[in-house]
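This briefing is intended for a reader who is new to the structure shown below. It treats the surroundings of the ligand and then the salt bridges.

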Amino acid sequence: MAIDFRKVTKTYPDGTVAVDEFSLHVPSHTCTVLLGSSGCGKSTLLRMVNRMVDPTSGAVLIDEADVATTEPVALRRRIGYVMQEAGLLPHRRVVDNIATVPRLKGASTAEAHRRAHTLMEIVGLDSALARRYPRQLSGGQQQRVGVARALAADPNILLMDEPFGAVDPLVRVELQRELQRIQTELRKTILFVTHDIDEALTLGDQIVVLKKSAEVAQSGTPQEIVEAPANDFVAQFLGLDSARRTLNAVPRATGGWLVSDGRGRPLGVVDSMPDTHTDAD
Ligand SMILES: Nc1ncnc2c1ncn2[C@@H]1O[C@H](COP(=O)(O)OP(=O)(O)O)[C@@H](O)[C@H]1O
Ligand SMILES: [Mg+2]
């Protein structure tokens with residue numbers, strides 16, 4: 001399912017213009033990353049898709065239908081949503097957290113549990129963890145449960161708001177790989193929010209670089225953005241962290257690796273990496 005933002009504006013009651021006339025087409029079955037600094041309006045944009053926030057003007061469409069015409073609760077049951085803090089129900093076991101939406105949709109407990117176990121396998125969680133409570137899991141495991149729960153209703157659309165922002169860098173890379181693997185299989189329409197350029201380059205089929213009030217600084221494929229930053233703002237964003245990126249190879253969901261130098265300048269795309277010199281080993 002495709003998502004269209006048509007000139008959406010959100011002004012909060014205190015006068016903050018979080019989003020100013022933002023337009024974007026999010027194609028079906030691809031991952032679109034909204035990349036920008038804290039406070040630029042990313043979460044507001046994401047929340048307008050499932051009506052946790054209603055735009056002040058403009059419209060968000062899913063397959064041409066204005067979401068404003070759909071009842072919010074119904075909408076949220078058919079759109080997956082993953083937040084930074086997995087947002088799990090603390091007093092419910094892992095299996096029941098994942099089974100929540102299938103149960104609300106009328107599945108029997110047995111059916112919903114079966115589905116939960118299948119999803120645990122999909123997101124790489126050992127089934128022995130099913131009976132634990134969220135606090136008995138690591139941060140990375142909790143995020144996996146969050147992803148499993150978002151997938152439980154088999155939604156066409158997955159909204160992910162800095163879902164891997166609270167875990168340490170190694171686990172983060174692991175979760176990114178897992179998401180790529182899941183996406184190769186499930187081909188959801190993913191709208192993914194991050195302020196991390198490497199994460200955006202890794203996961204995005206399309207990246208939208210945002211300034212304050214969700215002004216689009218540039219949108220394009222990772223390669224387009226790395227090869228030809230549209231302006232100083234984008235170039236600066238890419239340049240952040242360059243010290244730790246001496247030579248960077250980013251695996252692409254669609255295959256191959258995007259290789260760039262320490263300044264974010266592309267060296268090219270290669271089909272495979274020599275066994276001994278990849279980050280992925
Ligand atoms: N409920 C709210 N009331 C008032 N201002 C808000 C509210 N939510 C977000 N904002 C403001 O709107 C702007 C965009 O916020 P947000 O969409 O959360 O950005 P991001 O997710 O990119 O950090 C920020 O200035 C933020 O302080
Ligand atoms: Mg946010």
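In this predicted model, a polar side-chain atom of Ser 43 is placed 2.8 Å from an oxygen atom of ligand 1. Taken alone, ligand 1 exposes 560 Å², of which the protein buries 61%. The structure also holds 11 salt bridges, several of which are described below.

**Surroundings of ligand 1**

- The backbone takes part in the contacts as well: a backbone N or O atom of Gly 39 lies 2.6 Å from an oxygen atom of the ligand.
- For Cys 40, a polar backbone atom is 3.2 Å from an oxygen atom of ligand 1.
- The residues around the ligand are Tyr 12, Asp 14, Thr 16, Ala 18, Ser 37, Ser 38, Gly 39, Cys 40, Gly 41, Lys 42, Ser 43 and Thr 44.
- Helix α1 (residues 42–49) supplies the largest share of the shell, with 3 residues.

**A salt bridge involving Lys 42**

- Lys 42, one of the residues around ligand 1, forms a salt bridge with Glu 162, and the closest N and O atoms are 3.9 Å apart.
- This pair links distant parts of the chain, since Lys 42 belongs to helix α1 and Glu 162 to the loop between β7 (157–161) and α6 (169–186), 120 residues apart.
- Lys 42 counts as buried because its relative accessibility is 4%, under the 20% cut-off.
- Glu 162 likewise counts as buried, at 12% relative accessibility.

**Other salt bridges between distant parts of the chain**

- The side chains of Asp 154 and Lys 188 meet in a salt bridge with an N to O distance of 2.9 Å.
- Asp 154 is in the loop between α5 (139–151) and β7, and Lys 188 is in the loop between α6 and β8 (189–194), so that the pair spans 34 residues and links distant parts of the chain.
- Lys 188 counts as buried, with 8% relative accessibility.
- Glu 199 and Arg 172 meet through their side chains in a salt bridge of 3.1 Å, N to O.
- Here helix α7 (residues 197–203), which holds Glu 199, is linked to helix α6, which holds Arg 172; the two residues are 27 residues apart.
- Glu 199 is buried at 1% relative accessibility, and Arg 172 is buried with a relative accessible area of 12%.

**A salt-bridge network**

- Arg 144, Glu 174, Glu 178, Arg 181 and Glu 185 are joined in a network of salt bridges.

Conventions: Residues numbered from 1 in each chain as written. Chains lettered and ligands numbered in written order. Predicted model: local features only at pLDDT ≥ 70, side-chain atom pairs only at ≥ 80, totals over all residues. Heavy atoms only, no water. Near = heavy atom within 4 Å. Polar contact = N/O pair within 3.5 Å; in protein donor to acceptor, adjacent residues only side chain to side chain. Areas by Shrake-Rupley, 256 points an atom, 1.4 Å probe, with all protein chains shown as cover. Helix = DSSP H or I, 4+ residues; strand = E, 2+ residues; numbered from the N terminus. Salt bridge = Lys/Arg side-chain N within 4 Å of Asp/Glu carboxyl O. Buried < 20%, exposed > 50% of the residue type's maximum accessible area, 1.4 Å probe, protein only.
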